[in-house]
Amino acid sequence: NHDELLPCNFVVIDITASPEYIALAYVWGDATDRDSILVDGQVIRVTRNLRDALEKFRRTPAWLWVDALCINQQIVSEKSVKVSMMSKVYLKASCVAVWLGRDANGDADAIFEDTKVTVEFTTRVDKASLERFLQLPYWSRTWVLQEVGLANEAVILWGNQVWQ
């Protein structure tokens with residue numbers, strides 16, 4: 001329910017102490033399509049795509065590292081320092097959760113089920129579904145290789161589907 005503010009809390013952790021946390025990899029989405037979340041009692045505006053990603057963790061709370069929340073995007077010096085340590089953030093994460101967004105066309109069931117059976121796509125996935133999957137904005141990001149390539153474990157979340 002997007003009418004209800006999603007409650008979150010900031011926790012400062014030392015990643016050199018090897019804490020269990022999940023690094024969220026996602027596309028910010030349309031900067032004009034925003035929603036509110038509640039962080040430590042303060043209302044914060046985030047992109048709707050980030051709000052949707054955070055919603056996935058409502059029932060299974062976890063420590064998440066989320067760039068839009070953990071890096072003050074308004075302070076260039078902080079942004080520079082934090083961006084330079086992004087590889088360490090993804091490398092040290094116990095898991096990288098890749099949020100592909102909502103599954104508007106209902107393709108995730110077929111795509112994920114087929115990839116569980118084999119890495120090669122079979123005829124069970126129609127060409128249009130596969131094209132939509134490969135054209136999702138996440139795959140065009142520069143950071144994809146760093147986020148997933150450095151992950152100890154990665155899980156892909158798309159709509160209501162999870163693929164490990």
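Me: What makes tryptophan 158 count as buried?

Reply: In this predicted model, the relative accessible area of tryptophan 158 is 2%. Buried means under 20%, so tryptophan 158 is buried.

Me: With which residues is tryptophan 158 in contact, leaving aside its neighbours within four places in sequence?

Reply: Tryptophan 158 is in contact with Trp99, Leu100, Gly101, Arg102, Asp103, Asp107, Ala108, Ile111, Phe112, Phe133 and Leu136.

Me: Which residues touch the most other members of the largest nonpolar core, and which elements give two or more residues to this core?

Reply: The largest nonpolar core has 24 residues, and Leu100 and Trp158 touch the most other members. Strand S2 (22–26), helix H4 (86–92), strand S6 (95–99), helix H5 (108–117) and strand S7 (154–158) each give two or more residues to this core. Another core, of 18 residues, lies apart from it; Val39, Leu50, Phe57 and Cys95 are among its members. As a general matter, nonpolar side chains tend to be buried together in soluble globular proteins.

Me: Why is the pair of phenylalanine 133 and tryptophan 139 called edge-to-face?

Reply: Two values decide the matter. The ring centres of phenylalanine 133 and tryptophan 139 are 5.6 Å apart, and the limit for a pair is 6.5 Å. Their planes stand at 65 degrees, and planes over 60 degrees apart count as edge-to-face. The pair is therefore edge-to-face.

Me: Are phenylalanine 133 and tryptophan 139 buried or partly exposed?

Reply: Phenylalanine 133 has 9% relative accessibility and counts as buried. Tryptophan 139, with a relative accessible area of 30%, is partly exposed, since that class lies between the 20% and 50% limits.

Me: What makes the pair of phenylalanine 133 and tryptophan 158 tilted?

Reply: The rings of phenylalanine 133 and tryptophan 158 are 5.3 Å apart, centre to centre, with 45 degrees between the planes. Stacked requires under 30 degrees and edge-to-face over 60, so the rest count as tilted. This pair links distant parts of the chain: phenylalanine 133 is in helix H6 (residues 127–134) and tryptophan 158 is in strand S7, 25 residues apart. The count of aromatic pairs comes to four, and ring pairs link Phe133, Tyr138, Trp139 and Trp158 into a cluster.

Me: Why is helix H1 described as largely enclosed by the rest of the structure?

Reply: Helix H1 covers residues 48–55, and six of its eight residues are buried, so the helix is largely enclosed by the rest of the structure. The buried residues in H1 are Asn49, Leu50, Arg51, Asp52, Ala53 and Leu54.

Me: What makes glutamate 147 buried, and with which residues is it in contact, leaving aside its neighbours within four places in sequence?

Reply: Glutamate 147, in helix H7 (residues 144–149), has a relative accessible area of 2%. The limit for buried is under 20%, so glutamate 147 is buried. Glutamate 147 is in contact with Ala25, Tyr90, Val96, Tyr138 and Arg141. Glutamate 147 and leucine 91 are 56 residues apart in sequence, with their C-alpha atoms 8.2 Å apart in space.

Me: Which phi value does serine 18 have, and which does aspartate 40 have?

Reply: Most residues other than glycine have a negative phi. Serine 18, in the loop between strand S1 (6–8) and S2, has a positive phi of about 55 degrees. Aspartate 40, in the loop between strand S3 (34–39) and strand S4 (42–47), has a positive phi of about 50 degrees. Serine 18 counts as exposed at 53% relative accessibility, whereas aspartate 40 counts as partly exposed at 42%.

Me: How do you know that the radius of gyration of the chain agrees with that of a compact globule?

Reply: For 164 residues, a compact globule would have a radius of gyration near 15 Å; the chain has 16 Å, which agrees. The C-alpha trace spans about 50 × 35 × 30 Å along its principal axes. Of the residues of the chain, 36% count as buried. The secondary structure comes to seven helices and eight strands.

Methods:
Residues are numbered from 1 along each chain as its sequence is written. This is a predicted model: local features need pLDDT of at least 70, side-chain atom pairs count only at pLDDT 80 or more; totals for chains, interfaces and linings use all residues. Side-chain values use heavy atoms; hydrogens and water are left out. A nonpolar core is a set of buried Ala, Val, Leu, Ile, Met, Phe, Trp, Tyr and Cys residues joined through side-chain atoms within 4.5 Å. Buried means under 20% relative accessible area, exposed over 50%, partly exposed in between (1.4 Å probe, protein chains only). Helices (H or I, at least four residues) and strands (E, at least two) are DSSP runs, numbered from the N terminus. Contact means heavy atoms within 4.5 Å. The radius of gyration is taken over C-alpha atoms; the globule rule is 2.2 Å times the number of residues to the power 0.38. Rings of Phe, Tyr and Trp (its six-membered ring) pair if their centres lie within 6.5 Å; planes under 30 degrees apart count as stacked, over 60 as edge-to-face and the rest as tilted.
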